[in-house]
Amino acid sequence: MENIYITVAFMNTRKSYFFYTTDKTIVPGDKVLVETVVGKEIGTVLATNITINNKEFTREIKPIIKKATPQDLKIAEANAKLALKANIVFEKAVKNLNFDMRLVSSEYTFDCSKILFVYASDERIDFRELLKILASELHCRIELRQINSRERAQQVGGIGVCGLPLCCTTFFRTFDGISLNRAKNQMLAINIPKLSGQCGKLMCCLKYEDDLYTTDKEAFPKLGSKVIYQNEEYRITSFNVFTKTCKIENEENIEFVNLSEIKAK
């Protein structure tokens, strides 16, 4: 039978991963049991019938083991309760060792052979002693994963200054390449607190809106260039790419005019 490619998301990450199946009854929202690098996990199907270019996609795509049954979901629910008890063990050990580690989440694999602790910290931690303590208390394999402030905000979630859910919790997945150069390209005042999101870093929207600004700015004369408006010479001092208006100045006057009303000199 023909393989059907789907995307699956898991509790400890908002990223989605590709799997394949031959079960045509699987639809978005279904719970499925899959094998991941962590172990067997239950995830939620986000999308089905996805087209993949095998020549461009080089990573191995694993099959779905099966659609989760009611019994599987009961096991997952019991594992989640066990993870809450494991949190107490983790936080007690961290406190005794005086480590700066803030627990974000924890999750057992489906068979409880391994538990993953996700934590945030402002420094690198030598957690070898912590691993020994956790392994002796929890009697399973331990994995510790440190995340940065952006990833922590993504997992915790929240509302941005725009009044909408954080971009990283809805559709934005990558965090690389967000710099002040993008703010300058978008002609924003360099005010770091106002340009920062809940994670304390530059807002993600500076990245995905940057290409739009770059394209739209090509229609405008360069800042400082001279233009003609109503038969008088002016200089471009600023412009708004959304309203298509320009601020033009000369020694006697300042005008705010539409881009279509000026001519390059």
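Residues are classed as buried when their relative accessible area is under 20%, as exposed when it is over 50%, and as partly exposed in between. In this predicted model, Arg 145 falls into the partly exposed class because its relative accessibility is 32%. The side chain of Arg 145 meets that of Glu 143 in a salt bridge, with an N to O distance of 3.5 Å, and Glu 143, at 22% relative accessibility, likewise counts as partly exposed.

A search of the whole structure finds 10 salt bridges. One of them joins the side chains of Arg 102 and Asp 122 at 3.5 Å, N to O; Arg 102 belongs to strand E6 (residues 102-108) and Asp 122 to the loop between strand E7 (114-120) and helix H2 (128-138), so that the pair ties together parts lying 20 residues apart in sequence. Arg 102 is partly exposed, with a relative accessible area of 32%, whereas Asp 122 counts as exposed at 68%. Both residues are also linked with Asp 100 in a network of salt bridges. A further salt bridge is formed by Lys 226 and Glu 233, whose closest N and O atoms are 3.7 Å apart; Lys 226 is partly exposed at 47% relative accessibility, as is Glu 233 at 34%.

In helix H3 (residues 149-156), the buried residues are Arg 150, Ala 153 and Gln 154. These residues lie on the same side of H3, because they cover an arc of only 105° around the axis. The N-terminal end of H3 is capped by Asn 148, a side-chain oxygen of which lies 3.1 Å from the backbone nitrogen of Arg 150, and just after the helix Gly 157 takes a positive phi of about 80°.

Conventions
Residues numbered from 1 in each chain as written. Predicted model: local features only at pLDDT ≥ 70, side-chain atom pairs only at ≥ 80, totals over all residues. Heavy atoms only, no water. Buried < 20%, exposed > 50% of the residue type's maximum accessible area, 1.4 Å probe, protein only. Helix = DSSP H or I, 4+ residues; strand = E, 2+ residues; numbered from the N terminus. Arc of directions from axis to C-beta. Polar contact = N/O pair within 3.5 Å; in protein donor to acceptor, adjacent residues only side chain to side chain. Salt bridge = Lys/Arg side-chain N within 4 Å of Asp/Glu carboxyl O.
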